[in-house]
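I wrote down what I looked up, in the order in which I looked.

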Amino acid sequence: MTNGLNKDKPRWYVMRAYKNESAAEERLSHKTYGLKHFIPKQKVLRTINGEKVLCMVPVIHSLVFVYASQRQIVDFKHNYYYNLQFVTWKAEEGLVYLTVPEKEMKNFIEVCHQTEQEVHFYKIDEINKGKNKIDIAKGKRVRVHGGPFDQVEGYFIRIGRKRGKQLVVIIPDLLAVSAEVAPEYIQVID
């Protein structure tokens, strides 16, 4: 999180594209005025015109991560797409913009882009202790060496009824993603 003191430093900002993340994605992808961004998506089976079709849909409706400075984003909003909003919290020091550290975002994107392994997404309230929840305290902080998740850091734990242990990458206060990783690729770092 950041309170935006340095408005010229690029960061991964958590944003909402109210009512239409596909329009936001189209504008953000524009080669002339677009910004680096990421929308976590998952495959779902939909029925379209009576046929079952696999579609990629956003994991959380309207969620968009944008990598740019606060000034660049404000300029983009004013000139190209006003429906993009910063996710903020009120704190003692004022309004706080929700951001994700670059390293954590890189790890998260690497797992999300994995096509060889099945990827699962979890809301942050599913990452707490309790019945049917992921207990991160039981996991070990690890770095993967080799394979499709080379250099990704996260937690290595058993999740619910899944057969093997999973690599879990968390975006604090927001979301987590997991995928199975072979134990021979794991190095404990904590």
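In which loop does glutamine 151 lie? I found glutamine 151 in the loop between β11 and β12 (153-158), where helices (H or I, at least four residues) and strands (E, at least two) are DSSP runs, numbered from the N terminus.

Before going on I noted that this is a predicted model, in which local features need pLDDT of at least 70, side-chain atom pairs count only at pLDDT 80 or more, and totals for chains, interfaces and linings use all residues. Residues are numbered from 1 along each chain as its sequence is written, and side-chain values use heavy atoms, with hydrogens and water left out.

**Backbone entries.** I looked up phi for glutamine 151 and found a positive value of about 75°, although this residue is not a glycine. Most residues other than glycine have a negative phi. Glutamine 151 is partly exposed, with a relative accessible area of 39%; for this term I kept the cut-offs of under 20% for buried, over 50% for exposed and partly exposed in between, with a 1.4 Å probe and protein chains only. Serine 62 also has a positive phi, near 75°, and I located serine 62 in the loop between β4 (51-58) and β5. Serine 62 is buried, at a relative accessible area of 6%.

Asparagine 107 has its place in helix α3 and is buried, with a relative accessible area of 4%. Not counting residues up to four places away in sequence, asparagine 107 touches Gln151, Val152, Glu153 and Val169, a contact being heavy atoms within 4.5 Å.

**Ring entries.** Rings of Phe, Tyr and Trp (its six-membered ring) pair if their centres lie within 6.5 Å, with planes under 30 degrees apart counted as stacked, over 60 as edge-to-face and the rest as tilted. By this rule I have 9 aromatic pairs. Tyrosine 13 lies in strand β1 and phenylalanine 86 in strand β6 (residues 84-86), so the pair ties together parts that are 73 residues apart in sequence. Both tyrosine 13 and phenylalanine 86 are buried. Ring pairs link Tyr13, Phe86 and Tyr97 into a cluster.

**Charges over rings.** A charge sits over a ring if NZ of Lys or CZ of Arg is within 6 Å of the ring centre and within 35 degrees of the ring normal. I found the charged end of lysine 36 over the ring of tyrosine 67, 5.1 Å from its centre, and arginine 141 over the face of tyrosine 155, at 5.4 Å from the ring centre.
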